[in-house]
Amino acid sequence: MGDFNLNLQTAEEHLDEDEPEGDVVLGVLDGSTPPEEWVQSVARGNTLMLAIDGDLNKLASGFARDVKEIGGQLMHFRKFLVVTPPGVDINTENL
C-alpha cells in the first residue's frame, strides 16, 4: 500500500459542524419577561417552549415579528408556544 500522509490531529478542523447549538429553554409566557429577552434567547440559538398563561396573540405580539425577521419559527401547540431559531424547523408531520 502507498503512503497516505494522513494527519489526524488536523482532521477535526475539516469536519462539518453538524452538532446543534443552543438549548431548549422552558418558560411561561405571561407578560412578565420582556419581549427582547425572548428574541435574544432565540438569536443565540435557543429553542423556547413557553407555557401560555393568558391571551397568546397579546403576549406574543411583542416578539413574534422580530423572531420571524431573524428567520425563526413560532407554532402554537396545545397550551404551549414553540419558538425555534433560524435553521431549526418545526416538524408537524406527526400531528
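Mentor: Let's start with Glu 69, which lies in helix α3. Keep in mind that this is a predicted model.

Trainee: Why is Glu 69 called exposed?

Mentor: The relative accessible area of Glu 69 is 61%, and exposed means over 50%. The value of 61% is over that cut-off, so Glu 69 counts as exposed.

Trainee: Now for Val 83. Where does Val 83 lie?

Mentor: You will find Val 83 in strand β4, which covers residues 80-84.

Trainee: How do you know that Val 83 is buried?

Mentor: Its relative accessible area is 0%, and buried means under 20%. Because 0% is under that limit, Val 83 is buried. Across the protein chain, 25% of the 95 residues count as buried.

Trainee: Which residues is Val 83 in contact with, leaving aside neighbours within four places in sequence?

Mentor: Among them are Val 42, Leu 48, Phe 63, Val 67 and Leu 74.

Trainee: And how does the whole chain read along the sequence?

Mentor: The pattern is β-α-β-α-α-β-β, which comes to 3 helices and 4 strands.

Note on methods: Residues are numbered from 1 along each chain as its sequence is written. This is a predicted model: local features need pLDDT of at least 70, side-chain atom pairs count only at pLDDT 80 or more; totals for chains, interfaces and linings use all residues. Side-chain values use heavy atoms; hydrogens and water are left out. Helices (H or I, at least four residues) and strands (E, at least two) are DSSP runs, numbered from the N terminus. Buried means under 20% relative accessible area, exposed over 50%, partly exposed in between (1.4 Å probe, protein chains only). Contact means heavy atoms within 4.5 Å.
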